[in-house]
Amino acid sequence: MSTNLLAIKNLHAIVAGSNAQENNSQQEVKEILHGIDLNIGQGEVHVILGPNGSGKSTLMNVIMGHPSYEVTEGSIELEGEDIKELPVYQRSRKGIFLSFQNPEEIPGITVENLLRTAKQAVTGKPVKLMKFRKELENTMTELQIDKSYGQRYVNVGFSGGEKKRNEILQLLMLQPKLALLDETDSGLDVDAVQIVSQGIQKFHNENNACLIITHNTRILEQLQVDKVHVLLQGKIVAEGGQELIDKINSQGFGFLQNEQE
Amino acid sequence: MEKKKTYVEDIERTLYDIRNEDRSSYKVEQGLTEQIIRDIAAKKHDPQWMLDFRLGSLQEYYRQSLPEWGPDLSELNMDQIVTYVQPDAKMAGRWEDVPEDIKDTFDRLGIPEAEQTSLAGVGAQYDSEVVYHSIQEDLVKQGVIYTDMETALREHEAIVREHFMQLVPPKDHKFAALHGAVWSGGSFVYVPEGVKVEIPLQSYFRLNAAGAGQFEHTLIILEKNSSLHFIEGCSAPKYNVTNLHAGCVELFVGEGARLRYSTIENWSRNMMNLNTKRAIVEKNGIIEWVSGSFGSHVSMLYPCSVLHGENARCEFTGVTFASKGQNLDTGASVIHAAPYTSANISTRTISKSGGQATYRSAVKVTEKAHHAKCSVNCESLMLDDISRSDTLPAMDIQGDEADIGHEATIGRISDEAVFYLMSRGISEDEAKAMIVRGFVEPIAKELPLEYAVEMNNLVNIELEGAMG
């Protein structure tokens, strides 16, 4: 039994500000997550499957602390500490990393500047410039990112594939304990999926963990998946191992929806 | 996560608000009379034509009324402004000769460091007189003249007389007239034909005495196929009495010449900055403006480029940051007066804590200027709900086949971008500051390194404690 890294208990989340009591209107409370339980141990790889709109991205955003969502019930513990009240940057500093489905474009901030600032923030130590540069260059080479991208503005003018590789670059440079990968493989061609997949493989070791949302199981081929969770309408409706992926690959989510009804 | 709005407390400006003991040896009476003008001219040993010019300008000043557009200038009372203050320091050629307290002020503003970083020369204006001035010997050998305006008037009278306020005539507006009457100090640069000045020339201006206006005149003349980068920076200590700055910059860019004129103005928050800057560019010549407007209470500043010769070009890059109690009305204007002239205007404005930033531009294409090309791009960022940002572009196109484009955006800091940076461990304050710095980065990268650093520091000072 591995050490527990992330423990989510009975997690309910709503769209921020949709609480009728708060905004004093008749507007419906938009609850998106209806009681999620999820445990991820050190060294594990978990996969979340589910149709569009089932709450997969919301779950990751809530773990990261996105201000658009509000946790109304339950807890999120990282290494035994409840983090649900912590601001986003402190969650990051405690070791959570989110690879965005649609990474933001940030004009005027270079990739290198972002990574240097982030690395300093996450490690709490001054970054040694030469060592950092070398590490950055090596990692970029591994991900087949041209070195010139270090001086480009974050995601500005990047193709979909370049944005995703840039997310993996950050993952490898920041070395979090828990990587949340939100469709990191979507919109990528076969070669790019391969590169991203290798990046994740390189990142993963017995001391960290990955939670992966994907529609394309190719990315999982080189990873040992420990557990699969199927999310439907804000609830986990099925859990299993690799065999569940195979079943959904061949049958879709239909059989689960039928079970629900 | 708790969401907080951007707000700001009064800004700590101690670095820039260093006030020295008033060491003026000579002050004119308050208010503006013909006698005062005669006193100034006598004290400065002006030639007769300059005295006449001053007196003519004074008449123009009386005739003109305050502009009826733009920010409110009613709190300006010329009767209370001491127009001329002369520190008792003499011109010094070496840094060691500059009086200690003046030096200390410059030290804190980082000027010696600027010089140490291979700048060609420093002409720093303290109050109305240039107290320190140096220029590299090889420039002198190449025939480059870089001196203060008083010396230029004595030693290069013919060139000064030919150009002085020809580009910005006193009748242009009330403050140009005022400038013509009371101008004092400033820089003079003359670059002979074919000479390329490789390192930037730099001068700093600073106001010190309470209630003193500053009316420095910058005159730069580039002969055919020459090139120069001139850097001007301003920072003033804070006083209670309303301060007025009505400087004048005239840039003559000869055929095939290239001038880059960079400036960051960081006046104290009680300054009325009513500066007039104009360039005339001959055939195939290029004027590049890099302009940063930070401090001041009210600013009206619209550097103008007259593209006088065929294929003349203008590049204008500007940033304006308006905070609490500030009304910064800035922009640029271009007059296409010859065929195939082109201009590229790119500006960024930021407003916060109730600050008001207006971008105002005027593009004129005369009948003669067929195939003129002009592109205007201005982006505004408002950091809160109480600040204001306006964009007022004016275009007057008379030439044929003109290609004119205007693009304006007004926006706020994106919550998603802040979330993205925070998810990388960066605090909310720093994330927002990074985004603002990124917003002005296209301007910062045009600046010489130490200026880019200064601008970053200014942005940081502005944002300190501003983000929750």
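These legends accompany close-up views of a predicted model.

View 1. Chain B holds 11 helices and 24 strands. Of its 468 residues, 56% count as buried. If you look at contacts in chain B between residues at least 6 apart in sequence, 83% of them join residues at least 24 apart.

**View 2. Domain 1 of chain B meets domain 2 of chain B.** Here 25 residues of domain 1 are in contact with 21 residues of domain 2. On the domain 1 side, the elements that give two or more residues are β12 (258-266), β15 (286-293), β18 (313-322), β20 (342-351) and α9 (415-422) of chain B. The largest share of that side comes from β18(B), with four residues. Sorted by class, the domain 1 side has 11 nonpolar, 10 polar and four charged residues.

**View 3. Ile350(B) sits among its contacts.** Ile350(B) lies in strand β20 of chain B. Is Ile350(B) buried or exposed? It counts as buried, because it has 26 C-beta neighbours inside 10 Å and the cut-off for that class is 20 or more. Leaving aside residues up to four places away in sequence, Ile350(B) touches Phe321(B), Ala357(B), Leu381(B), Leu383(B), Val436(B) and Phe439(B). For a sense of scale, pick out Phe294(B): it is 56 residues from Ile350(B) in sequence, and the two C-alpha atoms are 9.8 Å apart in space.

**View 4. Helices α1 and α2 of chain B pack against each other.** The pair is α1 (residues 34-43) and α2 (residues 48-63), which pack at an angle of about 155° with their axes 10 Å apart. That angle makes α1(B) roughly antiparallel to α2(B), since angles over 145 degrees fall in that class. The crossing of the two helices is right-handed. From α1(B), Glu34(B), Ile37(B) and Ala41(B) meet Met50(B), Leu51(B), Arg54(B), Leu55(B) and Leu58(B) of α2(B). This contact has six nonpolar, no polar and two charged residues.

**View 5. Helix α2 of chain B also meets helix α8 of chain B.** The axes of α2(B) and α8 (residues 174-182) come within 7 Å and cross at roughly 150°. The two helices are therefore roughly antiparallel to each other. What is the handedness of the crossing where α2(B) passes α8(B)? It is left-handed. On the α2(B) side you will find Phe53(B), Arg54(B), Ser57(B), Leu58(B), Glu60(B) and Tyr61(B), which meet Lys174(B), Ala177(B), Leu178(B), Gly180(B) and Ala181(B) in α8(B). By class, the contact divides into six nonpolar, two polar and three charged residues.

**View 6. Chain A touches chain B.** In this view, 23 residues of chain A are in contact with 20 residues of chain B. The chain A elements that give two or more residues are α3 (88-93), β7 (106-110), α4 (111-123) and α6 (160-174). Which of them gives the most to the chain A side? That is α4(A), with five residues. The chain A side divides into 15 nonpolar, six polar and two charged residues.

**View 7. Helices α6 and α7 of chain A lie side by side.** Helix α6(A) packs with α7 (residues 190-203) of chain A at an angle of about 10°, their axes 10 Å apart. That makes α6(A) roughly parallel to α7(A). From α6(A) come Gly161(A), Lys164(A), Arg165(A), Ile168(A), Leu171(A) and Leu172(A), meeting residues of α7(A) that include Ala192(A), Ile195(A), Val196(A) and Phe203(A). The contact comprises eight nonpolar, two polar and three charged residues.

**View 8. Two loop residues carry a positive phi.** Most residues other than glycine have a negative phi. Gln144(A), in the loop between α5 (129-142) and β8 (153-154) of chain A, has a phi near 55°. Gln144(A) is partly exposed, with 13 other C-beta atoms within 10 Å. Tyr340(B) has a positive phi of about 60° and is found in the loop between β19 (327-336) and β20 of chain B. Tyr340(B) is partly exposed, with 19 other C-beta atoms within 10 Å.

Note on methods
Residues numbered from 1 in each chain as written. Chains lettered and ligands numbered in written order. Predicted model: local features only at pLDDT ≥ 70, side-chain atom pairs only at ≥ 80, totals over all residues. Contact = placed C-beta atoms within 7 Å. Nonpolar A, V, L, I, M, F, W, Y, C, P; charged D, E, K, R; others polar. Axes fitted to C-alpha atoms, helices over the stretch in contact; angles between N-to-C directions. Parallel < 35°, antiparallel > 145°, perpendicular 65-115°, else oblique. Left-handed = near helix turned anticlockwise from the far one by under 90°. Buried ≥ 20, exposed ≤ 12 C-beta atoms within 10 Å, placed from the backbone.
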